[in-house]
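Good morning, and thank you for coming.

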Amino acid sequence: MKVIHTDCLVIGGGIAGCVYAHQAAKKGLKTLLLCCGDMPQANSDLAQGGIVYEPNLRMDDLLADVRMATAGLCNDEAVRALSQAGCTAVEEVFLKDLNVPFDRDENHALRFTREGAHRKNRIIYSKDTTGHAMLAAIQAAVRKNPLITVREYASAIDLLTLSHSSTDLMDRYRPLTVFGAYVLDNKTGEVFAVTAKKTVLATGGVGQVYRHTTNSEHSYGHGVAMAYRVGARVMNMEFVQFHPTVFAKGKSFLLSEALRGEGAILRNSKGEAFMEKYHPLKDLAPRDVVSRAIEEERLKTSHDCVYLDITHNPAEETKERFPAIYKKCLEEGFDMTKVPVPVVPAAHYFCGGVYATPEGRTNILHLNAIGETACTGYHGANRLASTSLLEAVAMGYLCAEADAKEIAEGDFHIPAPKEWVVPSETPDINLVKQDLAALRSTMWNYVGLIRSAKHLGRAEKILRHLHNEIDVFYKGAALCQELLDLRNGTQTALLITYAALKNKTSAGCHFRSDK
C-alpha cells in the first residue's frame with residue numbers, strides 16, 4: 001500500500017477547505033487536498049445570494065439577527081468569533097489577495113443587499129453566483145501554489161487513528177488521535193494512505209440523503225460519518241434547513257433568497273400573497289417559517305407548488321441582478337420578468353455536524369472540522385441567510401492559523417499505518433443505486449419538513465435495517481464512490497433520525513407535529 005506523507009490533509013475542496021489550504025501554505029505548510037470528483041464540485045459553488053461582510057462590523061446588530069433566525073439556539077461566542085474573523089478573512093483573502101468581482105456601484109464602492117431575517121443591508125454579492133465567483137478564485141490560487149497538492153477523484157474512506165490504524169500495538173494506549181486517512185483513487189480503485197500532522201474535514205453538507213436538495217452530487221455527510229465512527233462528538237443533527245424556493249418543474253435549482261430581498265413575493269396557486277399571515281417579516285421571514293408556510297399553502301390549495309413573483313420589478317433590473325437564475329428559468333420555459341416561477345422547499349443546509357470550536361478543534365486530537373461539516377453552534381436551529389460562506393471562510397482561516405502555530409511548536413507521533421485489504425468482488429452498482437434511492441425517499445417522507453414520532457420511528461427501522469445490510473455488503477466488496485456515498489449517507493441519516501426522535505421540542509428547522 002502506498003503511503004503519502006504531508007503536514008496537513010484537507011478532505012474537501014469547497015470554500016472552507018480551500019481557504020484552509022491557502023492560509024496553511026502562507027505559513028509554509030505542505031498540504032494535500034482531496035476532492036471526490038472534479039475540484040469545482042462543492043456546495044460553495046452553488047451559493048447564489050452572497051456573504052455577510054461589514055468593514056466596521058456592528059456585532060450586536062448582527063448577533064440579534066442571528067439569534068432571531070436561529071430560534072435563540074445559536075452559540076453567541078461562536079457567532080462573535082467567526083463573524084469578526086470572517087469579515088477580516090473576506091477582506092484579506094477575497095478582496096485583497098484574490099480581487100473577487102463582487103458587485104460595485106459607479107464609484108467602485110461595494111454594493112450591499114439584504115436577505116431573509118436580516119434587518120439591514122450587510123451582504124456583498126457577485127450577481128447571483130457569489131459562491132462560484134469566490135470558489136473559482138480561491139481554487140485557482142490553490143492549484144497554483146507549489147506547497148499545495150490537489151488530488152481529484154480521490155475519496156477519504158476512513159480516518160487513521162492511533163487506536164485502530166497504527167502498526168505499533170502500544171499506540172492503543174495513547175490519547176484518541178487522528179493521523180490521516182485511507183483514500184480511494186476513484187479512477188483506478190487503488191487504496192492508499194495519507195499520514196498528516198493535521199487532518200481537516202471539509203466535506204460539506206448532507207442534502208443528498210434527501211430526495212429533493214440543492215446540494216452538490218456527493219453531499220452525503222461523509223465527514224460526519226467518518227468522524228462519528230472514530231469517536232467524534234456530533235451535535236444538533238436534527239437541524240436540517242430546507243430552502244423555501246427551489247424550482248418546482250423539471251430540473252431543480254435554487255432561486256436565491258436575494259430575489260425576495262429585492263422585492264419578490266410568494267403567492268399561492270390563487271395568486272394570493274400569503275406570508276403576512278405567518279410572520280411580521282413576511283417574505284423575508286426565517287427560512288424555516290417560510291418553508292412551512294409554503295407547505296401549508298400548498299396543502300390548503302391542493303397544489304404541488306407555490307409561486308415566486310418578481311414581475312413587478314423592472315425587467316432589465318431583474319436580468320442584470322439575477323442573470324444566471326433568469327437564464328435557468330428561461331431554459332425551463334419561465335420568463336421570470338413576465339410570469340411567477342413555481343417553487344417548493346428542498347433540503348439545503350446542515351446546521352448540525354461534528355462539534356468544533358471556531359478554530360475547528362474537535363474532541364479528537366489533530367482532527368479538525370470546518371465549514372458545513374462542523375457544528376460550532378453559529379447556526380443554532382436554523383441558519384441566517386449568507387452566514388454559511390462567512391462561517392466557512394472564517395473557520396478555514398482560523399483553523400489554518402491555529403494549526404500552523406501548533407505544528408511549529410509541537411512534536412507529532414506519526415506511525416506506519418496498517419495495510420488496507422481490498423476485497424476482489426465488484427459491487428453491483430444497480431443495487432447500490434437502489435439502496436441510495438430508498439435512503440433518500442425514507443428521509444424525505446419521514447424525516448423532512450414536518451416530523452412526528454410515528455414517522456421518525458418508521459424511518460429508524462428502515463434505516464437501521466439498511467445500515468446493517470450495507471455493513472455486510474461493504475466489507476465484502478471493492479470500493480467505489482457510490483458505495484462510500486451509501487455507507488456514509490446511511491450513517492448520517494440515522495444520526496439525524498435519532499436526534500429528531502430524541503428532541504420532542506420544535507425549534508427552527510426541526511418541527512414536530514406531535515409536540
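Which residues form one aromatic cluster together with Phe242? The cluster consists of Tyr210, Phe242 and Trp444. Please bear in mind throughout that we are looking at a predicted model.

Let me turn to strand 10. This strand covers residues 240-247, and eight of its eight residues are buried, so strand 10 is largely enclosed by the rest of the structure. Its partner is strand 13, residues 341-350; the two run antiparallel and are joined by six bridges.

I come next to the aromatic pairs. In general, such a pair is described by the distance of the ring centres and the angle of the planes. In this model the count comes to six aromatic pairs. One of them joins phenylalanine 247 and phenylalanine 253: these rings are stacked, at 4.8 Å centre to centre and with 10 degrees between the planes. Both phenylalanine 247 and phenylalanine 253 are buried. Another pair, phenylalanine 274 with tyrosine 278, is edge-to-face, with 6.3 Å between the centres and 90 degrees between the planes.

Is phenylalanine 274 buried or exposed? Phenylalanine 274 counts as buried because its relative accessible area is 1%, and the cut-off for buried is under 20%. Tyrosine 278, in contrast, has 22% relative accessibility and therefore counts as partly exposed.

Arginine 321 lies over the face of tyrosine 125, 3.7 Å from the ring centre. Likewise, arginine 383 lies over the face of tyrosine 349, at 4.4 Å from the centre of that ring.

Now to the surface. Leu169, Met170 and Tyr173 make a nonpolar surface patch of about 380 Å². Tyrosine 173 is located in the loop between strand 6 (154-161) and strand 7 (178-185). With a relative accessible area of 63%, tyrosine 173 is exposed, because the cut-off for that class is over 50%.

Just after helix 6, glycine 231 adopts a positive phi of about 105 degrees.

Thank you for your attention.

Technical notes: Residues are numbered from 1 along each chain as its sequence is written. This is a predicted model: local features need pLDDT of at least 70, side-chain atom pairs count only at pLDDT 80 or more; totals for chains, interfaces and linings use all residues. Side-chain values use heavy atoms; hydrogens and water are left out. Buried means under 20% relative accessible area, exposed over 50%, partly exposed in between (1.4 Å probe, protein chains only). Helices (H or I, at least four residues) and strands (E, at least two) are DSSP runs, numbered from the N terminus. Two strands pair if DSSP finds at least two bridges between them. Rings of Phe, Tyr and Trp (its six-membered ring) pair if their centres lie within 6.5 Å; planes under 30 degrees apart count as stacked, over 60 as edge-to-face and the rest as tilted. A charge sits over a ring if NZ of Lys or CZ of Arg is within 6 Å of the ring centre and within 35 degrees of the ring normal. Patches are made of residues with over 30% relative accessible area and no salt bridge: like charges are joined within 9 Å, nonpolar side chains (Val, Leu, Ile, Met, Phe, Trp, Tyr) within 5 Å. Accessible areas come from the Shrake-Rupley method with a 1.4 Å probe; for residues, only the protein chains shown count as cover. A salt bridge is a side-chain nitrogen of Lys or Arg within 4 Å of a carboxyl oxygen of Asp or Glu.
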